[in-house]
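Dear colleague,

I am passing on a structure to you, with some notes on what was found in it. Please look through the model itself before reading further.

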Amino acid sequence: MRRIHRTRRDWAADLALFLFAACFAAVSSQSIPVAESLGPGWRAADQVAGGLGCAAVLLRRRAPVRLAVVLLLAGSVAHYLTGPAMVAVFTVAATRPWKATAWVAALVFGPLPLFLWQLPDMSEERAGSAVTYFALIAGAIGWGLFRRSRQQLIASLRERAELAEADAESRAERARMEAREEIAREMHDVLGHRLSLLSLHAGALEFNPGAPRAEIERAAGVMRESAHLALHDLREVIGVLRAGPGTRTGAGPAEGGERPQPELADLPRLVAEARAAGGRIELAGPPDGAVPPPLVGRTAYRIVQEALTNVRKHAPGATADVRVTGGPGDGLTVEVDNTPPPGPDPVRGTVPGPTEGGGQGLIGLAERARLAGGELTALPAGGGFRVRAWLPWQG
């Protein structure tokens, strides 16, 4: 027989049911009909069987079905086993599967048709006792079924609460991951732009050490300014990281001194900065008049910034055309085309750009466009490369 681990609450429940069975037997002892021919010895044996049945209640957790069957069969001749039998069938109904409960119920109510057939010939006292017995057993089964359904309901509610808690934790973790990814994209866009300018001018000085002094000073000044701005941007992004998981870099200007986010109106400044670094860039747009939503304008700015950074990295010396068109209701279209990189410069030589990076910038841009509700494509075109994005702009 398997060992059952009982808590204090289990022991308290078992002792309470034991006392219930014993008290029920004592209270009902005077109302139990016993044939006069059986004598006091039979009554004493019946009482002993009732006491053993009450003690057996403490074993109800080990083998409830077998205990219920034994007590029900013995209760057909031992009248003091009604209390323990009620506890046993209650335990079966409350803890065992429906099939076991149905078999026990069939054992209880199987004799009921025969009892009803013999009812007219029975004495009033015996008939009343039998009806009371069936009613008590039926009540015990019903109470057990109610308790089992209540326990199942509580277990279901507890499971739902645990699932809801796990889902809330999952959503919080997804929010943290999205914040980290957004900060990583921000760091990539900002530092990639600055460092690409720095690398471009450093490569020019490396491959053309005999350049005029004015050109060297201009390149050195741009390098110093780019390094200074890169450090400044890095400090700001790290400051956002230190501010906690609730700070979102893409949320726009925030309180507490967070730097303002770029907008579509900042594109001319970005292009002018790239031109000052030696880039050949033509800008058409952005459209005058209406101002797009902050998320749309910021996404368009980052797309152009990353596209120009890629031109400097992978096609140094190429010409880039930037076109920004659209308006409210039609959406905002951003296109950046670059020509194939030119051949070696006879004076300055070939200035290679940094070609590292496995397309993560374009993947980040596509994700930015998707988060803004738009789409982005990046494909080779005419020997060069074309980046085209469409972003929604509500009317």
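This is a predicted model: local features need pLDDT of at least 70, side-chain atom pairs count only at pLDDT 80 or more; totals for chains, interfaces and linings use all residues.

Residues are numbered from 1 along each chain as its sequence is written, and side-chain values use heavy atoms, with hydrogens and water left out.

To begin with the record, the unreviewed UniProt entry carries the annotation "transmembrane region" for residues 71–94, 100–117 and 129–146; the positions are given in the numbering used here, feature names are shortened, and such annotations may be inferred rather than shown by experiment. In the model, residues 71–94 are 75% helix and 0% strand, with their end C-alpha atoms 17 Å apart, whereas residues 100–117 are 89% helix and 0% strand, with end C-alpha atoms 28 Å apart. Helices (H or I, at least four residues) and strands (E, at least two) are DSSP runs, numbered from the N terminus.

Turning to the strands, β1 (residues 280–284) and β2 (residues 319–327) run parallel and are joined by five bridges, where pairing requires that DSSP finds at least two bridges between two strands. Ala-284 stands opposite Arg-323 in β2.

Within helix α10 (residues 294–314) lies Thr-299, which is buried at a relative accessible area of 3% (buried means under 20%, exposed over 50% and partly exposed in between, with a 1.4 Å probe and protein chains only). Leaving aside neighbours within four places in sequence, Thr-299 is in contact (heavy atoms within 4.5 Å) with Arg-368, Ala-369, Ala-372 and Leu-391.

As for charged pairs, a search of the whole structure finds six salt bridges, each defined as a side-chain nitrogen of Lys or Arg within 4 Å of a carboxyl oxygen of Asp or Glu. One of them joins Asp-167 and Arg-171 at 2.1 Å, N to O; these residues are four apart in helix α7 (residues 124–207), and are therefore separated by about one helical turn. Asp-167 is partly exposed, with a relative accessible area of 36%, and Arg-171 is also partly exposed, at 44%.

A further salt bridge links Arg-386 to Asp-337, with the closest N and O atoms 2.6 Å apart. Because Arg-386 lies in strand β5 (residues 384–391) and Asp-337 in strand β3 (residues 331–338), the pair ties together parts that are 49 residues apart in sequence. Arg-386 is partly exposed at 38% relative accessibility, whereas Asp-337 is buried at 12%.

In helix α11 (residues 360–371), Arg-370 and Glu-367 are three residues apart, and so about one helical turn separates them; their salt bridge has its closest N and O atoms 2.5 Å apart. Arg-370 is partly exposed at 49%, as is Glu-367 at 24%. Finally, salt bridges that share partners join Arg-323, Glu-335, Asp-337, Arg-386 and Arg-388 into one network.

With kind regards
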